[in-house]
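Work through these exercises with the sequence and the model side by side. Try each task before reading its solution.

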Amino acid sequence: MIVMDRENRYAPGWSHVLSTGNDMEELEAFRTRVGAPPQALHLGNRRWPHLDLKLEPRERALAAPEVRVFERTAEMIRFLRDLALSP
């Protein structure tokens, strides 16, 4: 499942997009679908690879019906941690 924050508190106009399963193929397919450039994909520490989206790709992602959008980044991270802890 793809999840995202509506807007990054520290970077207005940007959103984080993550896969609940840390699925790189899912993120790459979504990146392509919303028209984000390759450099939008950040591997980070591999714990939470993510996309950083802005402008039109961000708007397309926010409008995608299958994406779960969180108002705050902290809410999204809490959801992901709870999901990882559930049996």
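**Exercise 1.** Is H16 buried or exposed? Then place H16 in the fold and list its partners.

*Solution.* The model is predicted. Start with accessibility. The relative accessibility of H16 is 18%. The cut-off for buried is under 20%, so H16 counts as buried. Next, the location. H16 sits in strand β2, residues 14-19. Then the side chain. H16 makes a polar contact of 3.3 Å with the side chain of N8. Finally, look beyond four places in sequence. There H16 is in contact with V3, M4, D5, N8, H50, L51, D52, T73 and M76.

**Exercise 2.** Which residues of helix α1 are buried, and what covers them?

*Solution.* Take α1 as residues 24-34. Its buried residues are L27, F30, R31 and V34. Down the axis of α1 they fall within an arc of 105 degrees, so they line one face of the helix. The cover includes β1 (2-5), β2, β3 (41-42), β4 (50-54) and α2 (55-63). Now check the ends. At the N-terminal end, D23 is the cap: a side-chain oxygen lies 2.9 Å from the backbone nitrogen of E25. After α1 comes G35, with a positive phi near 80 degrees.

**Exercise 3.** Which residues touch the most other members of the largest nonpolar core?

*Solution.* This core has 14 residues, and V17, F30 and L53 touch the most other members. At least two residues come from each of β1, α1, β4 and α2. The largest share, three residues, is from α1. A second, separate core has seven residues, among them L18, F70, F79 and L80.

Note on methods: Residues numbered from 1 in each chain as written. Predicted model: local features only at pLDDT ≥ 70, side-chain atom pairs only at ≥ 80, totals over all residues. Heavy atoms only, no water. Helix = DSSP H or I, 4+ residues; strand = E, 2+ residues; numbered from the N terminus. Buried < 20%, exposed > 50% of the residue type's maximum accessible area, 1.4 Å probe, protein only. Polar contact = N/O pair within 3.5 Å; in protein donor to acceptor, adjacent residues only side chain to side chain. Contact = heavy atoms within 4.5 Å. Arc of directions from axis to C-beta. Core = buried A, V, L, I, M, F, W, Y, C linked by side-chain atoms within 4.5 Å.
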